[in-house]
Amino acid sequence: MYTDPIADYLTRIRNANNARHRVVEIPASNLKKEITKILFDQGYILSYKFEDNAVQGTIKIALKYDKVTKEPVIKHIERASRPGLRKYAGADNLPRVLNGLGIAIISTSKGVMTGKKAKELNVGGEVVCYVY
């Protein structure tokens, strides 16, 4: 049993990237599914599949690599808010990652979304992670 399932999710992706795996399997939850959809929409992963085979289900993520250099598309993925220290940002001071080249994933009252989308909707929330 682990205390921070989102950190475990991000660590599994980071480790699979470093080991150059094509697919990584992760135990599913609704928040993890939403983060996966955002990573796919932003072009950081190749594809994903939700499988409801057990009580919890799993998420299969196909990782994306550069065609020429074979380097992973996700250079850095990091947990921002954690159980011991939650980080919240208002609509006026949402974080910019790598001067707009990366994304911040925000959990808001209107759902999980990127920092840019949250700024458009003028909502703040908990900063879940940074990806670039």
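**View 1. Lys 33 sits over the ring of Phe 50.** In this predicted model, Lys 33 lies over the face of Phe 50, at 5.4 Å from the ring centre; a charge is taken to sit over a ring if NZ of Lys or CZ of Arg is within 6 Å of the ring centre and within 35 degrees of the ring normal. Phe 50 counts as partly exposed because its relative accessibility is 27%, where buried means under 20% relative accessible area, exposed means over 50%, and partly exposed falls in between (1.4 Å probe, protein chains only). Local features need pLDDT of at least 70 and side-chain atom pairs count only at pLDDT 80 or more, whereas totals for chains, interfaces and linings use all residues. Residues are numbered from 1 along each chain as its sequence is written, and side-chain values use heavy atoms, with hydrogens and water left out.

**View 2. Ring pairs join Phe 40, Tyr 48 and Phe 50 into a cluster.** A search of the whole structure finds two aromatic pairs, where rings of Phe, Tyr and Trp (its six-membered ring) pair if their centres lie within 6.5 Å, and planes under 30 degrees apart count as stacked, over 60 as edge-to-face and the rest as tilted. Phe 40 and Tyr 48 form an edge-to-face pair, with 5.3 Å from centre to centre and 75° between the planes. Tyr 48 also pairs with Phe 50, in a tilted arrangement with 5.1 Å centre to centre and 45° between the planes. Phe 40 is partly exposed because its relative accessibility is 35%, and Tyr 48 is partly exposed because its value is 29%.

**View 3. Domain 1 and domain 2 meet in a contact that takes residues from both.** The domain assignment, which is automatic or from a database, gives domain 1 (5–63) and domain 2 (77–131), and their C-alpha centres lie 19 Å apart. The contact (heavy atoms within 4.5 Å) takes 12 residues from domain 1 and 13 residues from domain 2.

**View 4. Carbon and sulfur atoms give 80% of the area buried between the two domains.** That area is about 1,100 Å², counted as the accessible area (1.4 Å probe) that two parts lose on being put together, summed over both. In domain 1, Leu 10, Ile 38 and Tyr 44 lose the most area to domain 2, together 44% of what that side buries.
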